[in-house]
Amino acid sequence: MGINHFILALISLTCLFSFSTSTDAPPPLFDASGSASLKLYDMIEIMSESPSPFAFDGTILESIEDVLSILPGGVDPALQEICGNTDHPVECIKATMPFLDEKAPIKPLSVLKAGVEAMDNQTKNALAEVTKLSMNPTTLKNVVPILQTCIDVYNNILNNDQKSLEAITNHNLVKLSTELGANVENVLGCENAFKQAKLESPMKEMDAKLAKIISNTLTIGVDMVHF
């Protein structure tokens, strides 16, 4: 978990972006739509993918000690602990933060709900993109049926998301595990369809991000939530 702790520490850099240069009032903690938050997320992704030194605000960060030396605070420790026990802790925090109720305590159940909402949001983005591609007149005719398969895949995930939320409401852990587990298989459908046609999927990056959210949500739902 050493590397995960290093990556999780980077999330704490949110505080460095939480103050506007034009006002003393900080923006909402969970607003991930602003350019500052997007810049933070991009930085975290770069540092998590490469061990190379990273320059931040004129400072070269080469080790966890360097990172910790510039951290004034951090994300809620409860969220760090929960996400730290998933396979993709950075993606867990990034995905769930915009959907967490900042007034509610952070527990596995609340993070699970946020994860399902994040999954739903990412799936809708993928669905919109693949639909646009399928309707593009420049798209090759032999690719259109594959894109339709992707559309079906994303609709299935959205359907399972709603069933997962219902299972949470009804405290049905078996149903919840079934629906979340089904999405682990579903998310592979689009990529596999392109592989069978020996083509590279234009949805590859979006699917990879979605797969991480699904994996994390399954881990939280199965291993951490107890009704």
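**Exercise 1.** Work out which residues of α7 meet residues of α8, and how the two helices are oriented.

*Solution.* Step 1: in α7, V153, N156, I157, N160, D161, K163, S164, A167 and I168 meet K175, L176, E179, L180, A182, N183 and N186 of α8. Contact means heavy atoms within 4.5 Å. Helices are DSSP runs (H or I, at least four residues), numbered from the N terminus.

Step 2: the axes of α7 (residues 144-169) and α8 (residues 173-186) come within 8 Å and cross at roughly 160°. Axes are lines fitted to C-alpha atoms over the stretch in contact, and angles run from 0 to 180 degrees between N-to-C directions.

Step 3: angles over 145 degrees count as roughly antiparallel, and α7 and α8 are therefore roughly antiparallel to each other.

The model is predicted: local features need pLDDT of at least 70, side-chain atom pairs count only at pLDDT 80 or more, and totals for chains, interfaces and linings use all residues. Residues are numbered from 1 along each chain as its sequence is written, and side-chain values use heavy atoms, with hydrogens and water left out.

**Exercise 2.** Find the salt-bridge partner of E179 and state whether E179 is buried or exposed.

*Solution.* Step 1: E179 forms a salt bridge with K175, with the closest N and O atoms 2.9 Å apart. A salt bridge is a side-chain nitrogen of Lys or Arg within 4 Å of a carboxyl oxygen of Asp or Glu.

Step 2: E179 and K175 are four residues apart in α8, so about one helical turn separates them.

Step 3: E179 counts as buried at 6% relative accessibility, while K175 is partly exposed at 34%. Buried means under 20% relative accessible area, exposed over 50%, and partly exposed in between (1.4 Å probe, protein chains only).

Note on methods:
Angles under 35 degrees count as roughly parallel, over 145 as roughly antiparallel, 65 to 115 as roughly perpendicular and the rest as oblique.
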